[in-house]
Amino acid sequence: MDSSLLHEFRRQASLFLKEKIRTARLVLTDVTPPQLLAEKATNGDLSAPNMQTMRLISRAAFEVDDYWRIVDILHKRLSKFERRNWRSSYKALMLLEYLLTHGPQSIAEEFPSDEDVIIQMASFQYVDEKGFNWGLSVRNMSERIIKLLEDRSYLKEERDRTRKVTVGIKGFGSFCKRPTISERCNTDCQYKQRLGSALNDPISDEKTYPLKWDHHPFCDTENNHSQASLLSTSG
């Protein structure tokens, strides 16, 4: 068998097996789809979490049960940082940054206990075989998150900035108006469909890091509005 065909066969078989395992966990345990999605977004494989995935996780974080499940996953990924297994912790930083600027405001209160390991990650050094400095990317991300956690004025500015970008894209009136029951039902159905699709598809997307500031999933309650790259193969 041609080597490329064999590689594709193995890849498809692996995806099929992973999907069966995810389905079994959903049926046989109390795991939730957003929890599986957060695990998938921060695993140790070569794909970076895409924007759609992080938007879905951010929306799910407004539900109390999923909020704690997502926070717990991030705690575990960060606590297991080591220099030879850095990808899952780095992907956890990427998701945490998105949640800090797009998700529930209380997210910032959950991670002071992780600041030591996040600071430790800033000293990580690694340049891949193509010359890309992943150590610099990890350091920049860790320093940004530390600033978001420690400087509440800066956090508020960043949350306001992401909201204004979204409002500018969608239009302030249509974005923050109170939705009808029919609109809410349609939105929930679409959300569940996207959640299922994200679980079934590999986490790969043309929208790889650096992240774009778009599609903010909610209006900030402070203003009385309604809620609404492939990683290196080495290292």
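## Terms and basis of the model

A residue is called buried when its relative accessible area is under 20%, exposed when that area is over 50%, and partly exposed in between, using a 1.4 Å probe and protein chains only. By this criterion Met 51, Thr 53, Met 54, Leu 56, Ile 57, Ser 58 and Ala 60 of helix H3 are buried.

The structure is a predicted model, in which local features need pLDDT of at least 70 and side-chain atom pairs count only at pLDDT 80 or more, whereas totals for chains, interfaces and linings use all residues. Residues are numbered from 1 along each chain as its sequence is written, and side-chain values use heavy atoms, with hydrogens and water left out.

## Overall make-up

The chain holds 10 helices and zero strands, where helices (H or I, at least four residues) and strands (E, at least two) are DSSP runs numbered from the N terminus. Of the 235 residues in the chain, 43% are buried.

The buried residues are Pro 34, Gln 35, Leu 36, Leu 37, Ala 38, Lys 40 and Ala 41. Lys 40, although it carries a side chain that counts as charged, is buried at a relative accessible area of 11%. Lys 40 and Thr 53 are 13 residues apart in sequence, and their C-alpha atoms are 9.4 Å apart in space.

Helix H3, residues 51–60, is likewise mostly covered, with seven of its 10 residues buried. At the start of H3, a side-chain oxygen of Asn 50 comes to within 3.3 Å of the backbone nitrogen of Gln 52. This is a polar contact, meaning a pair of N or O atoms within 3.5 Å; within protein, one atom must be able to donate a hydrogen and the other to accept it, and residues adjacent in sequence count only if both atoms are side-chain atoms.

## The packing of H5 against H7

Two packed helices are described by the angle between their axes and the distance between the axes. Helix H5 (residues 87–102) and helix H7 (residues 134–150) pack at an angle of about 35°, and their axes lie 10 Å apart; the axes are lines fitted to C-alpha atoms, for helices over the stretch in contact, and angles run from 0 to 180 degrees between N-to-C directions. H5 passes H7 in a left-handed crossing, a term used if the near helix is turned anticlockwise from the far one by less than a right angle, clockwise being right-handed.

On the H5 side the contact (heavy atoms within 4.5 Å) includes Tyr 90, Leu 93, Leu 96 and Leu 100, while the residues from H7 include Trp 134, Met 141, Ile 145 and Leu 149. The residues of this contact divide into 11 nonpolar, three polar and two charged; here Ala, Val, Leu, Ile, Met, Phe, Trp, Tyr, Cys and Pro count as nonpolar, Asp, Glu, Lys and Arg as charged, and the others, Gly among them, as polar.

## The largest nonpolar core

A nonpolar core is a set of buried Ala, Val, Leu, Ile, Met, Phe, Trp, Tyr and Cys residues joined through side-chain atoms within 4.5 Å. The largest one has 44 residues, and those with the most contacts inside it are Leu 78, Leu 96, Leu 100 and Ile 118. Two or more residues each come from H2, H3, helix H4 (64–79), H5, helix H6 (115–121), H7 and helix H8 (152–170), and H5 gives the largest share, nine residues.

Apart from neighbours within four places in sequence, Leu 96 is in contact with Leu 74, Leu 78, Ile 107, Phe 111, Ile 118 and Ile 145. Ile 118 lies in helix H6 and is buried, with a relative accessible area of 0%. Leaving out residues up to four places away in sequence, Ile 118 touches Leu 78, Leu 93, Leu 96, Ser 142, Ile 145, Ile 146 and Leu 149; the C-alpha atoms of Ile 118 and Ile 145, 27 residues apart along the chain, are separated by 8.1 Å.

## Individual side chains

Tyr 67 of helix H4 is buried at a relative accessible area of 6%, and its contacts beyond four places in sequence are Ala 60, Ala 61, Pro 104, Ser 106, Ile 107 and Glu 110. Arg 159 lies in helix H8 and counts as buried at 5% relative accessibility, with its side chain reaching the backbone oxygen of Gly 103 at 2.9 Å.

Asn 133, in the loop between H6 and H7, counts as partly exposed at 34% relative accessibility. The side chain of Asn 133 reaches the backbone nitrogen of Gly 135 at 3.1 Å.
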